[in-house]
Amino acid sequence: MSERKIEFGWFIPTTGDGPYIGVPPERESTMEYMVEVAQAAERAGYSFALIPTGGDCLDAWVVGSWIAGHTRTLKPLVAMRPGLMAPVIAARMASTLDRVSQGRALVNVVTGHYPADLKASGDSLHENHDERYARTREFLDVVKGVWQDAAAPKPEGFHYKGRYYEIDGGRCLPAPVQQPGPPLYFGGSSPAGKRAAAETADVYLMWTEPLDWIKGQLAEMEALLDEQSAASGVRRQLRYGIRAQLVIRETEEEAWAAAWHILSKADQELVAAREKLHARTDAVNQKRQMELFEASREQDFVIGPNLWSGLSAIRGGGAVAFVGTPQQVSERILEFIDAGVGSFILSGYPHLEEAERTGRLLLPLLKEKLKARGIDI
């Protein structure tokens with residue numbers, strides 16, 4: 001089998017759940033319900049689960065620890081947030097989660113968000129986009145430094161002096177199970193974000209866009225890696241991932257009807273308010289999502305074969321959905337794999353039923369097609 005890694009992850013709804021967006025959620029995000037979603041994703045064949053972060057979410061670390069304790073193989077992907085967490089403490093938290101989950105921790109490095117949310121959370125750089133990424137590079141220098149020290153502890157501990165952080169004798173014991181540390185997933189579509197990801201990440205995450213757009217982003221990242229290699233003599237290896245929604249049904253007509261059904265109860269005043277909120281972000285990836293949404297209005301928000309931007313009317317983040325039959329969507333995902341994407345963070349409304357549905361209809365088909373190509377997952 002090929003050594004290339006292909007992985008499929010699901011999503012834990014920590015702000016409520018239901019079949020519609022743009023209305024109050026029908027289901028509360030109780031620990032029991034989130035465990036039910038996680039266990040359904042595990043049974044379906046998903047290998048990990050993203051736990052979101054932000055002012056309206058339950059805390060990702062608490063939820064991730066709880067889910068790890070109620071699953072056997074599912075890996076929780078939780079957020080480190082430079083500027084809102086001290087790096088040594090963040091490293092210890094990740095190492096602890098890795099220990100108690102027996103090597104299942106994954107880390108999502110979240111640098112940006114809506115400026116108002118960053119300000120409300122106490123980030124002093126909420127209005128300084130590029131400077132936040134400079135701080136993130138230092139933050140990860142420290143995180144990786146104390147992980148490295150934990151693997152071979154020195155009496156003096158870890159020392160670091162930068163613009164944003166000064167560490168004197170930092171410790172992270174015991175060491176994480178995964179060496180040199182839990183994999184780092186990293187998103188950021190701006191030049192500053194991409195450069196930081198090329199220097200520090202294991203997996204570079206993008207929100208789903210038309211295939212040509214994604215190929216363009218991958219080409220930019222590979223050029224940055226080449227540039228860094230020319231300067232350092234060392235070529236870093238970087239994997240690529242996308243975040244997407246799924247609407248899978250037995251027929252294409254049923255799939256499109258189900259996609260529009262998700263929006264069918266949305267209040268138009270809320271739609272207008274959400275569009276204004278998205279317009280105020282300084283996150284380049286969110287701006288790209290809204291550009292796709294606006295440009296595709298006259299095409300019912302279809303932005304490519306089986307790709308739909310309609311959910312951007314309400315939700316931020318990775319709102320683009322794969323819509324169609326299992327055969328159609330599996331072919332679209334294979335096109336992204338052929339382009340170089342290897343990590344897929346997927347979800348659907350409601351998350352419990354859609355984990356079960358996609359585990360029954362989509363993942364077995366994808367695994368069969370990948371196996372025929374000599375790729376195992």
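Which side chain does Arg137 meet in a salt bridge? Select Glu199: its side chain and that of Arg137 pair up at 3.2 Å, N to O. A salt bridge here is a side-chain nitrogen of Lys or Arg within 4 Å of a carboxyl oxygen of Asp or Glu. The pair links distant parts of the chain, with Arg137 in helix α5 (residues 129-151) and Glu199 in helix α6 (residues 191-200), 62 residues apart. Helices are DSSP runs of H or I with at least four residues, strands are E runs of at least two, and both are numbered from the N terminus.

Before going on, a word on the source: this is a predicted model, where local features need pLDDT of at least 70 and side-chain atom pairs count only at pLDDT 80 or more, while totals for chains, interfaces and linings use all residues. Residues are numbered from 1 along each chain as its sequence is written, and side-chain values use heavy atoms, leaving out hydrogens and water.

Colour by accessibility now. Arg137 is partly exposed at 26% relative accessibility, and Glu199 is partly exposed too, at 33%. The cut-offs: buried is under 20% relative accessible area, exposed is over 50%, and partly exposed is in between (1.4 Å probe, protein chains only).

Stay on helix α6 and pick Lys194. Its salt bridge goes to Glu220, with the closest N and O atoms 2.9 Å apart. Lys194 sits in helix α6 and Glu220 in helix α7 (residues 211-232), so the pair ties together parts that are 26 residues apart in sequence. Lys194 is buried at 3%, whereas Glu220 is partly exposed at 40%.

Next, select Asp226 and Arg235, whose side chains meet in a salt bridge at 2.9 Å, N to O. Asp226 is partly exposed at 43%, as is Arg235 at 31%. Then try Lys5, Glu7 and Arg239, which salt bridges with shared partners join into one network.

Glu252 belongs to helix α8 (residues 252-262).

Finally, zoom out. The chain has 13 helices and 13 strands, and 58% of its 377 residues are buried. The whole structure holds 19 salt bridges. Along its principal axes, the C-alpha trace spans about 65 × 45 × 45 Å.
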